[in-house]
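Open the structure in your viewer and keep the selection tool at hand. Each stop below tells you what to select and what you will find there.

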Amino acid sequence: MGGRGGGCLNEFMNNPLKIAVASGKGGTGKTTIAVSLALTAAAAGRTVQYLDCDVEEPNGHIFFKPQIHSRFPAMVALPEVIKAQCNGCGDCADICAYNAIAVVRGQVLIFPELCRGCGACSLLCPKDAIVEISRPVGNVEIGVGAGVAFVRGVLSIGQIMTPAVIAAVKGAGGDQEITLLDCPPGTSCAVIEAVRDADAVLLVTEPTPFGLHDLTLAVEMTRALKKPFCVVLNRFDLGDDKTVAYCREENIPIILSIPDDRRIAEAYARGEALTEVLPSYAPVFTDAWERLLAWCERQIPRKKVPVPLDQGKAATS
Amino acid sequence: MKIAVTATGKESASTMDARFGRTRWFMITDPEGGEWEAHANEQNMNAAQGAGIQAAQRLVNLGVEAVITGHVGPKAFRILKAAGIGIFLCEAGTVEEALHLFKQGRLARADQADVEGHWA
């Protein structure tokens with residue numbers, strides 16, 4: 001594969017790179033960064049896919065304006081009891097970690113809204129009296145927009161099985177050289193599902209007390225998952241210098257800093273990609289992309305092998 | 001007969017706990033006279049979800065036939081009803097006072113959940 005950039009690039013043909021864009025705090029600019037990096041990588045000649053894993057409120061489509069060519073439901077298995085086989089022993093209720101089953105007078109009561117579809121009840125039923133019936137909890141859409149392969153998940157209203165929809169989004173991804181996963185905010189199960197098989201994580205933050213607080217939570221999560229990570233500092237000229245000081249103390253590289261520029265917010269509000277409508281930012285992202293690739297090359301010398309943070313410096317947890 | 005009262009402490013003089021699933025204690029006795037047994041509900045109190053379901057299952061397993069509490073939600077109600085456990089709502093007071101009102105027939109028997117579930 002041709003294209004610009006350093007020597008590590010050819011490696012992606014056989015060794016695709018998955019980068020999760022996450023944050024502790026919401027509204028720090030995950031989508032802005034993920035979309036801009038996807039477009040930048042595509043402009044640099046890479047094959048790129050953007051996976052919108054923020055399935056509770058996906059908005060990446062606003063920027064890519066993709067042509068959706070296929071849709072399918074994201075399913076979760078729900079237990080159902082074959083009454084003729086059930087002896088009312090109650091093992092299913094005992095094993096259910098989500099308190100979704102009760103057994104009363106030999107009758108199994110299932111509370112579907114609490115079930116996470118783990119399958120333990122069905123697996124452990126001594127009478128094989130529980131079967132799993134799939135039910136839809138959301139939808140996955142696949143398309144192409146702005147030269148980038150696009151997948152997004154949409155959790156159905158009233159459903160809580162966010163991780164299942166995220167898993168379906170990831171499963172629908174292709175084998176592009178570069179994958180950008182636009183994650184939900186926070187550090188919950190949904191974020192972990194989105195991040196868990198990424199090669200590296202970008203944590204987007206802003207230098208405010210809230211931003212820093214939630215960054216430290218996201219850092220703890222990412223370290224627990226043993227992922228290499230670096231920080232994008234959005235609106236870096238706001239707030240205070242505590243976030244920069246924190247990153248320095250913790251040896252966390254800041255790969256990109258973006259100023260508080262009203263035009264960026266305006267472009268976002270209009271659904272326009274930053275690098276397209278504000279060309280002065282295109283080289284900022286091109287530089288950041290190349291720095292990111294070089295950093296990934298150092299952090300992930302052999303893909304799929306988790307490596308310690310920042311070239312062997314011990315992570316202080 | 002066994003009756004359970006949701007309680008904030010493990011004494012019959014303790015104040016009732018208005019919550020069912022996340023009550024601190026279940027105080028259990030025979031209303032015809034007998035000792036009180038205290039059952040801690042700590043595990044359900046801290047459950048992420050399904051506290052009412054687990055608490056109701058526990059009362060079923062303990063062989064309780066009636067429960068006096070402040071409020072009960074739809075999922076716990078479904079289990080208690082299936083088990084034939086009577087639900088009696090009591091506003092406040094101590095465990096002992098609640099039992100006294102029950103014995104005088106002054107507590108209303110709930111025929112449906114009186115509060116919303118906390119999930120979905």
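This is a predicted model: local features need pLDDT of at least 70, side-chain atom pairs count only at pLDDT 80 or more; totals for chains, interfaces and linings use all residues.

**Stop 1: two loops in chain A**

Stay at A:Arg235, which is found in the loop between β10 (229-234) and α8 (242-249) of chain A. Its phi is near 50°, a positive value in a residue other than glycine. Most residues other than glycine have a negative phi. Now follow the chain through α8 and select A:Asn251, in the loop between α8 and β11 (254-258) of chain A. A:Asn251 also is not a glycine, and has a positive phi of about 55°. What are its surroundings, counted in C-beta neighbours inside 10 Å? A:Asn251 has 13 of them, so it counts as partly exposed.

**Stop 2: the domains of chain A**

Colour residues 13-65 and 146-303 of chain A as domain 1, then residues 75-135 as domain 2. Note that domain 1 is given as two stretches of the chain. Taken over C-alpha atoms, the centres of the two domains of chain A are separated by 38 Å.

**Stop 3: strand β8 of chain A**

Select residues 178-182 of chain A, which form strand β8. Five of its five residues are buried, and the strand is mostly covered. Show the side chains: A:Ile178, A:Leu180 and A:Asp182 point one way, while A:Thr179 and A:Leu181 point the other way.

Which strands pair with β8(A)? One is strand β1 (residues 17-22) of chain A, which pairs with β8(A) in the parallel sense over five bridges. In this pairing, look for A:Ile19, which stands opposite A:Leu180. Another partner is strand β2 (residues 48-52) of chain A, also parallel to β8(A) and joined to it by five bridges. Here A:Val48 stands opposite A:Ile178.

**Stop 4: the nonpolar cores**

Next select A:Ala20, A:Val21, A:Ala38, A:Tyr50, A:Val165 and A:Leu203, the residues with the most contacts inside the largest nonpolar core, which has 74 residues. Helix α1 (residues 30-43) of chain A gives the most to this core, with seven residues. Centre the view on A:Ala38. Leaving aside its neighbours within four places in sequence, A:Ala38 is in contact with A:Val48, A:Tyr50, A:Val148 and A:Leu180. A second, separate core has 51 residues, among them A:Cys92, A:Val103, B:Ala4 and B:Ile79.

**Stop 5: helix α5 of chain A**

Why is helix α5 (residues 162-171) of chain A described as largely enclosed by the rest of the structure? Nine of its ten residues are buried. The buried ones include A:Thr162, A:Pro163, A:Val165 and A:Lys170. To see what covers them, show β2, β3 (67-81), β6 (130-145), β7 (148-155) and α6 (189-195) of chain A, which are among the covering elements.

**Stop 6: where the chains touch**

Show both chains together. Here 14 residues of chain A are in contact with 15 residues of chain B. On the chain A side, β4 (101-104) and β5 (107-110) each supply at least two residues. That side of chain A divides into nine nonpolar, three polar and two charged residues.

**Stop 7: the sheet of chain B**

Select the strands of chain B. Six of them form an open sheet in the order β3-β2-β1-β4-β5-β6, with mixed pairing. At the edges stand β3 (37-40) and β6 (108-109) of chain B, each with a single partner strand, so one side of each is left without a neighbour in the sheet. Further in, select strand β4 (residues 66-69) and strand β5 (residues 86-89) of chain B, which pair in the parallel sense over four bridges. The bridge partner of B:Thr69 in β5(B) is B:Leu89.

**Stop 8: confidence**

Finally, colour the model by pLDDT. Chain A has a mean of 91, and 90% of its residues reach 70 or more. Chain B averages 92, with 98% of the residues scoring at least 70. In chain A, pLDDT stays under 50 over residues 304-309 and over residues 311-317. The model scores ipTM 0.84 and pTM 0.77.

Technical notes:
Residues are numbered from 1 along each chain as its sequence is written. Chains are lettered from A and ligands numbered from 1 in the order in which they are written. Domain bounds come from an automatic or database domain assignment. A nonpolar core is a set of buried Ala, Val, Leu, Ile, Met, Phe, Trp, Tyr and Cys residues joined through C-beta atoms within 7 Å. A residue is buried if 20 or more other C-beta atoms lie within 10 Å of its own, exposed if 12 or fewer, and partly exposed in between; C-beta atoms are placed from the backbone. Two residues are in contact if their C-beta atoms, placed from the backbone, lie within 7 Å. Two strands pair if DSSP finds at least two bridges between them. Ala, Val, Leu, Ile, Met, Phe, Trp, Tyr, Cys and Pro count as nonpolar, Asp, Glu, Lys and Arg as charged, and the others, Gly among them, as polar. pLDDT is the predictor's confidence in each residue, from 0 to 100.
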